[in-house]
Amino acid sequence: MRTRTTVAALALAAAGLTACHGDPPKAAAKPKPPPLKPAALSVTPASGAGAVPISAEIGTSVTDGKITSVSLVDAAGQQLPGAPRDDGSTWVPAAALRYDTSYTAKVTAVGADNHPVTQVTTFHTAAKPSGSAVTSDLMLTNGGTYGVGMPIVVEFGSDVPPENRAAVQQRLFVTSDPPQPGAWHWFGGKQVMYRPENYWQPGTKITARKALNGVAIGSGHADEDLSASVTIGRKLTIDIDNSTKTMQVSVNDAVVRSIPVSLGKASTPTSSGTTVIMSREPSALFKTPEYTTTVQYAMRLTWGGQYIHAAPWSVSDQGKRNVSHGCTNVSTDNARWLYEQVLVGDPVVTRNTEVGLDPGDGWTAWNLPWSEYTKA
């Protein structure tokens, strides 16, 4: 009897336990993810637009997707090369468009839904303007080799008004390999320069383009689209100290030659500051109100006429006193040696003279500290 009673109790307890807990709960259904969005794409110039500047870029604005291709063809079906800006805001043709010509741009983006979206726009460029052309020069020779201090210099034949400078600057392009980010700075209205924070690395490959053809400047327009690819050579720097009347020439930061100098006398002092070699001339004719003479191995530092050059007439003064009209005098042997070593763009630092260097008197990009150089 005891055994039967125990078994029955256990059976009842088990039945009660099952009845108390019931069936296990079902898992909650997962919410469905929202559908992936298609790309929203807008392109400029608008289709049907006329009088479009020949400096136009293809605007490519996209949300919920990314641009995958851009093509631009003229009315004859000829495809134009180009590339996007770093920020992806526009696609830049590799050369200026032609006046009074129709173009068709086709832009494709792929959305988050992985489906392509394409827009096509056809526009017509403006007729050639009748206003005067503003000339400009890119101060590089394609294929050339330059010193580590070479700024990218664009010079204009007439002043660029302040209200036009941002638009001009937007059409100036510099790429470097290895990459060395830099900035543009205006020195008055006729000269704008680009440099990195520190001197270029030796061996850097640089491509610069002034894509200015058709850009409005005052009542006229810019005249030319021009590119140049150059190489930065070895690092050579020149340090001239008036307190010691000595020039030190360094290669890769090691002094390789010390040269006695005579600088500008008190009435015509040499300027202190950082310049670069602007030109190498085997001989140059100097004309002043006081004299006319030809010098050998002339290396220009400023537009105002300060050079390093051979001055055999002042050898007895070199290293001792200043007798020049603002130039840096060295012996003929030292001038010949230096002339054979330097490249356009090699930095020259002059110290401890009576006056400072005027901004823009030469390629003076390095005469400003980076914090000041990058100010608008």
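**Cavity, pockets and strands**

Tutor: The largest cavity has a volume of about 30 Å³. This is a predicted model, where local features need pLDDT of at least 70, side-chain atom pairs count only at pLDDT 80 or more, and totals for chains, interfaces and linings use all residues. Residues are numbered from 1 along each chain as its sequence is written, and side-chain values use heavy atoms, with hydrogens and water left out.

Student: What makes a space a cavity, and what makes it a pocket?

Tutor: Both are sets of points on a 1 Å grid over the protein atoms alone. In a cavity, a 1.4 Å probe fits but cannot get out. A pocket is an open set with protein on both sides within 12 Å along at least five of seven lines. Lining residues have an atom within 4 Å of a point. Grid points are joined across faces, edges and corners, and a volume is the space filled by probe spheres set on the points. By this rule there is 1 cavity of 30 Å³ or more.

Student: Which residues line the largest cavity?

Tutor: They are T270, S271, T275, L301, T302, Q306, T350 and L357. By class, 2 are nonpolar, 6 are polar and none is charged. Here Ala, Val, Leu, Ile, Met, Phe, Trp, Tyr, Cys and Pro count as nonpolar, Asp, Glu, Lys and Arg as charged, and the others, Gly among them, as polar.

Student: What volume does the largest pocket have, and which residues lie nearest its centre?

Tutor: Its volume is about 670 Å³. It has 22 lining residues, and R85, D86, F173, V174 and T175 lie nearest the centre. The elements that give two or more residues to this lining include helix 2 (162-170), strand 12 (172-177) and strand 15 (205-211). Helices (H or I, at least four residues) and strands (E, at least two) are DSSP runs, numbered from the N terminus. The lining has 12 nonpolar, 5 polar and 5 charged residues.

Student: How much space lies in the second largest pocket?

Tutor: About 380 Å³. Of its 21 lining residues, F286, Y291, G305, H325 and C327 are the closest to its centre. Strand 24 gives the most to this lining, with 3 residues. By class, the lining has 7 nonpolar, 11 polar and 3 charged residues.

Student: Why is strand 13 called largely enclosed?

Tutor: Buried means under 20% relative accessible area, exposed over 50%, and partly exposed in between (1.4 Å probe, protein chains only). In strand 13 (residues 182-186), 4 of the 5 residues are buried, so the rest of the structure largely encloses this strand.

Student: How do you know that strand 13 pairs with strand 14?

Tutor: Two strands pair if DSSP finds at least two bridges between them. Strand 13 and strand 14 (residues 191-196) have 5 bridges and run antiparallel. G182 has P196 as its bridge partner in strand 14. The hairpin has 4 residues between the strands, and G188 there takes a positive phi near 75°.

Student: Which peptide bonds are cis?

Tutor: Among them is the bond from T44 to P45, with omega near 0°. The bond from D177 to P178 is also cis, with omega near 5°. P178 lies in the loop between strand 12 and strand 13.

Student: What makes a nonpolar core?

Tutor: It is a set of buried Ala, Val, Leu, Ile, Met, Phe, Trp, Tyr and Cys residues joined through side-chain atoms within 4.5 Å. The largest core has 39 residues, of which L140, I152, F156, V168, W184 and W363 touch the most other members. Strand 11 gives the most to this core, with 4 residues. Apart from it lies another core, of 21 residues, including I238 and Y297. In soluble globular proteins, nonpolar side chains tend to be buried together.
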